[in-house]
Structures are given as C-alpha cells and as structure tokens.
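Please read the following report beside the sequence and the model.

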Amino acid sequence: MKTATVYDVAIIGAGPVGGALACALAASGLRIALVDKAALPPMEHPDFDGRAYAIANGSKRLLDEAGLWDELPFVPCPILGIRVTDGKPGRPPSPLKLHFDHSAVGNEPFGWIIEARALRIAINRRLNEIPNITLFAPAEASVSRNTDAATVQIINGPAFTAKLVVAADGRNSQVRAKAGIPVTRIPYHQSAVLCAIAHEKPHHGLALEHFLPGGPFAQLPMSPIPEHKNLSAIVFTDKAAIAARLHELQPERFHYEIARRLGSQLGKIEIVGKRWTYPLSAMYAARYTDMRLALMGDAAHGVHPIAGQGLNLGLRDVLAFTDLLKAAGPGADPGEPALLARYQAARRPANMAMLAATDTLDRLFSTNNPAIRLARDLGLAAVERMPRLKARFMRVAMGS
Ligand SMILES: Cc1cc2nc3c(=O)[nH]c(=O)nc-3n(C[C@H](O)[C@H](O)[C@H](O)COP(=O)(O)OP(=O)(O)OC[C@H]3O[C@@H](n4cnc5c(N)ncnc54)[C@H](O)[C@@H]3O)c2cc1C
C-alpha cells in the first residue's frame, strides 16, 4: 500500500462537528483530511426546511474562530428570553412559572437559533475555500493505527497517514466501534417532531419550553425569511407511538395539535416547511481516546434534546481540543498521548454532567405523578424568587 501524503489530522465525518473542527484546525495552519460517506452539497436543502439549532454563546466563539459565523447565509436569531411553563396534555402553557431574561446576566443574548441548512452552507463554503483541507466525499475509509501514526485507506482511493484520527462520524460511529470503545445507550421511548411555524405576532426573541407529561414542547424564535416575517421552530417531544401518529396527521389536525399546546401569545399560526421525526436516546462512550484517536461530537456522546445542548457539547469538544493544541505550542503533535488525556479530562466529565442533567430534567418533567408535579412546581416557583440561582442557570445555558 502506497501512503504518500502526510496529514496532521484526519477527520472521519463532515457533519457540523467534524466540519467545524476541520475549519478551526486548518485556520491554525494544520494539514487536514476530511472524509464523509455522503456527498456534502445535497445536505444543503435548497428550501427552508424548518430545522434549527440553538447555539449557546460558548459555541459561537468556535464558529467565529473557524470562520463559519460570518459565512452563515441567513442571520441567526438572538434568544433574549426563555419562558418555562408546565401543563397538562393538550392544554396551553400555564401562567408564567419561570422567566429567564438575558439582561439579568449581561448584554449578550442566551444564544442564537440558526437554521440547520445555514450551518451546512457555511461549512461547505469554508471547506472549499481553505487550501490546507483535502475533502474526500462521498467516500468511506478504513483506519489502522500504531504508536507513531494512523493510516487511512480510502476505499477504492488513495491511502495517507495522519498524526491523529478524529471520529466525528455520529452516534453509530464505525471508527469508534472498530477501536473497540464500548458505548452505553439509554433509550427514552420518545421521539421529537420538528417543524417551523409562521405566526401573526412577533416573538421578540423569546423561546418557550412547555413541559408536558409526554415530553417537552419548545418554541424557538427564528429570524424572518422573505415569505414570513414572524417565524419560530417547534420541537415537540412525546412518547414514540404518539409522535409517530403526530407525524402522520392531516395538516389541519397537526396545526390544531401545535396551536393548542403553544397557546395564544403568538396569534394565528401557520405550519411552514416539512415535518421531521427523530427517535430519542442518550448515549456515552466509555472513553474518548485511544492510540492516535479522539472521539468528538455525537460519536462520543448523545443527550436528550430537552435543553438544546447536543451540538453545543460537540462544538465545545472541538473548542477544548483546539485550545489544548494551541497551548501545547507550535509544531505540537496532535496525537500525543498526554494531549489526548488532557482532552478527555476536559470534556468527558462535563459531557457526562450534561447527560445526567438533561436525563433528570426529562424524568422530572415527563410525568403526571401528582407528588412529583407538586414538588416540581414548588421548585420552579422557588427558583423564580432566587435571582442568583436563576443567573447561575442562565450562565450554564449560555455555555459560559
Ligand atoms: C430532535 C433533535 C433536536 C436537536 N436540537 C438541537 C439543538 O437545538 N441544539 C443543539 O445543539 N443540538 C441539537 N440536536 C443535536 C444535534 O443535532 C447533534 O448533536 C449534532 O448533529 C451532532 O453533530 P456531529 O457532527 O457530531 O454528528 P452528525 O451530525 O451525526 O454527523 C456525522 C457525519 O458523519 C458522516 N458519517 C457517518 N458515518 C460515516 C462513515 N462510516 N464514514 C464517513 N462518514 C460518516 C455522516 O454522513 C455525517 O455527515 C438535536 C438532535 C435531535 C435528534
């Protein structure tokens, strides 16, 4: 096997985490090979498709450093406030339970809602602009590793070596499986139904998290598009069988189910774009590193989307790794064992804590047990009266 080309880092998976990592590392001069089994341009859905990410402040720094923020083709919508309510099935949100206002902790918004297709377009643009990134897509690769380097063989293509391989190939990572790193999965028996709504009244940058026994119902403020000046994303979680039925409902019935959970504060609504359904589970890898290998993003962890943190955790993995590599100085070996150990120490405990927090939140709120409901409502009311505790929650949500 001829392995002529030498890269600093080979990244398997050009999703938002692998794509952002490639751009961030290449910006500091490293030679990067990026492999994805899918062709990237078709991932840019030409039409508005209603899927969105909540990007916390901490993650924005990475997107800035990777040159992706300025490439976003549609303006991100700042989240200025979050209303947390709970309720009974099919009822609109109860009167105010908790209200987080960004101005209580500074001038920055909590985060931004960005369209998923906007991030994809930005990543594709950057990947094609940066000369020290070599893209193999659509392509699959087999990876072998020894103490000095990893060898990546593109199936029916070239082979090359790299000092580090990053598995950013998502939840069912083959690179992780081949390295023999075990994973633990926690099924939620819930699915999330996603769509977008246009509405009569402006959202003023406010998000809603409405807790229902089947799972949370979230409304996330989005920036206007030419066809609709008031727009929000909906993430509607429920038991898997109910979510499957919701996905199949006739448009007018689906509209009714969304409207009665949302309440009247946004006026009349109209469903726009498609409906998407995702089965939910949490997952964590037993370790994030192996010889010349690091796991990042969903290849390393998956959390319940209740707090919109999934991608943020992956982007923070990238930020931690790029910061550690910079701190190691120019010419540092990105696959050096001590550096990989520092990466795991920086990220695995933090991600496990978020997994536990989102899991607890889901169990606490997705129940109709009257005792738990009472304790929870008293807890919400107590937090509402404790400005310092509220501010702490807000800083965590902002990723600071
Ligand atoms: C309903 C729902 C709502 C969510 N909402 C939010 C939110 O509001 N905010 C948030 O931060 N996160 C959210 N998330 C989580 C977020 O979508 C994921 O955390 C994020 O997509 C992970 O990115 P990734 O790049 O690690 O993996 P992926 O997006 O899964 O990308 C993996 C890439 O690897 C490629 N690949 C796979 N296998 C191979 C292989 N063998 N060889 C080569 N390439 C391969 C794939 O083609 C893909 O491009 C949500 C998730 C769900 C399910």
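In which sense do strand β5 and strand β13 pair, and over how many bridges? Strand β5 (residues 81-86) and strand β13 (residues 206-212) pair in the parallel sense, over 6 bridges, and the bridge partner of G81 in β13 is L206. Two strands are taken to pair if DSSP finds at least two bridges between them; helices (H or I, at least four residues) and strands (E, at least two) are DSSP runs, numbered from the N terminus.

The model is predicted, and local features need pLDDT of at least 70, while side-chain atom pairs count only at pLDDT 80 or more and totals for chains, interfaces and linings use all residues. Residues are numbered from 1 along each chain as its sequence is written.

**The sheet and its helix**

Strands β5 and β13 belong to an open sheet of 8 strands with mixed pairing, whose order is β6-β5-β13-β14-β15-β12-β16-β19. At its edges stand β6 (98-101) and β19 (301-302), each of which pairs on one side only. Helix α6 (residues 251-262) packs on this sheet, where it touches β12, β13, β14 (215-222), β15 (231-239) and β16 (269-285), and its direction makes about 70° with that of β16. Contact here requires C-beta atoms, placed from the backbone, to lie within 7 Å; axes are lines fitted to C-alpha atoms, for helices over the stretch in contact, and angles run from 0 to 180 degrees between N-to-C directions.

**The ligand site**

The ligand is surrounded by 31 residues, the closest being G13, G15, G170, G297 and G310; a residue is counted as near if its C-beta atom, placed from the backbone, lies within 6 Å. The elements that give two or more residues to this shell are α1 (16-27), β3 (52-56), β12 (183-199) and α7 (310-327), and α7 gives the most, with 4 residues. By class, the shell has 15 nonpolar, 11 polar and 5 charged residues, where Ala, Val, Leu, Ile, Met, Phe, Trp, Tyr, Cys and Pro count as nonpolar, Asp, Glu, Lys and Arg as charged, and the others, Gly among them, as polar. The ligand lies between domain 1 (5-46 + 116-185 + 282-361) and domain 2 (69-115 + 189-281 + 365-398), because both give residues to the shell around it; the domain bounds come from an automatic or database domain assignment.

**A helix pair**

Helix α1 also packs against helix α3 (residues 116-129), at an angle of about 35° and with the axes 10 Å apart. The contact is made by P16, G19, A20, A22 and C23 of α1 and by L119, I123, R126 and L127 of α3, and these residues divide into 7 nonpolar, 1 polar and 1 charged.

Two antiparallel pairings share strand β10, as set out below.

| Pair | Bridges | Opposite residues |
|---|---|---|
| β9 (141-145) and β10 (150-154) | 5 bridges | S144 and T151 |
| β10 (150-154) and β11 (159-167) | 4 bridges | A150 and A162 |

A hairpin joins β9 to β10 through 4 residues, and the hairpin of β10 and β11 has 4 residues between the strands. Most residues other than glycine have a negative phi, and most peptide bonds are trans. N156, in the loop between β10 and β11, has a positive phi of about 60° although it is not a glycine. A cis peptide bond, with omega about 0°, joins A137 and P138, and P138 is found in the loop between β8 (133-136) and β9.

Notes:
Contact = placed C-beta atoms within 7 Å.
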